[in-house]
Amino acid sequence: MNERLTTLERAFQLAKSGDCVSITQVREKLKKEGYSDWQSHTKGPSIRAQLNALCAEATKAKAAETGA
């Protein structure tokens, strides 16, 4: 069974992937993937801070793995 993730679950998944350097990119990907409620689920200051921190951490880890 392949159930669609909630908007928030997908946002955190994207942030942890290392493919998004900021919440702006997470939001862009959510929008492209058809999550129509992406704005309401990613606007709170706590969520923004968490997603930005995860993006930074994952991007740094990915860069270290690739030697960039």
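Start by selecting residues 45–66, which make up helix H4: its 22 residues reach 32 Å from the first C-alpha to the last, close to the 32 Å expected at 1.5 Å a residue. That expected span is 1.5 Å times one less than the number of residues in the helix. Helices here are DSSP runs (H or I, at least four residues; strands are E, at least two), numbered from the N terminus.

A word on what you have open: this is a predicted model, where local features need pLDDT of at least 70 and side-chain atom pairs count only at pLDDT 80 or more, while totals for chains, interfaces and linings use all residues. Residues are numbered from 1 along each chain as its sequence is written, and side-chain values use heavy atoms, with hydrogens and water left out.

**Stop 1**

The arc is that of the directions from the helix axis to the C-beta atoms. As for "buried", it means under 20% relative accessible area, with exposed over 50% and partly exposed in between (1.4 Å probe, protein chains only).

**Stop 1: over to H2**

Next, select Ile23, Val26 and Leu30, the buried residues of H2. Look down the axis of H2: these residues fall within an arc of 55°, so they line one face of the helix. They pack against H1, H3 and H4. On the face turned away from that buried side, pick out Lys31 and Lys32, which are exposed. Glycine 34 follows H2, and its phi is positive too, near 90°.

**Stop 2: the core**

Which residues make up the largest nonpolar core? Select Ala11, Phe12, Leu14, Ala15, Cys20, Ile23, Val26, Leu30, Tyr35, Trp38, Leu51 and Cys55, 12 residues in all. H1, H2 and H4 each supply at least two residues of this core, and the largest share, four residues, comes from H1. A nonpolar core is a set of buried Ala, Val, Leu, Ile, Met, Phe, Trp, Tyr and Cys residues joined through side-chain atoms within 4.5 Å.

For a close-up, center on alanine 11. Leaving aside residues up to four places away in sequence, alanine 11 touches Val26, Leu30, Thr42 and Leu51. A contact here means heavy atoms within 4.5 Å.

**Stop 3: the salt bridges**

How many salt bridges does the structure hold? There are two, each being a side-chain nitrogen of Lys or Arg within 4 Å of a carboxyl oxygen of Asp or Glu.

Zoom in on glutamate 33 and arginine 10, whose side chains meet in a salt bridge at 2.7 Å, N to O. The pair links distant parts of the chain, 23 residues apart: glutamate 33 sits in the loop between H2 and helix H3 (38–41), and arginine 10 is in helix H1. Glutamate 33 counts as partly exposed, at 33% relative accessibility, whereas arginine 10 is buried, with a relative accessible area of 18%.

Then jump to lysine 62 and aspartate 19, which form a salt bridge with their closest N and O atoms 2.3 Å apart. This pair also links distant parts of the chain, 43 residues apart, with lysine 62 in helix H4 and aspartate 19 in the loop between H1 and H2. Lysine 62 is partly exposed at 32% relative accessibility, and aspartate 19 is partly exposed at 43%.

**Last stop: zoom out**

Switch to a cartoon of the whole protein, and you get four helices and zero strands. The C-alpha atoms fill a box of roughly 35 × 35 × 15 Å, taken along the principal axes. Buried residues make up 25% of the 68 residues. Among contacts with a separation of 6 or more, 60% come from residues 24 or more positions apart.
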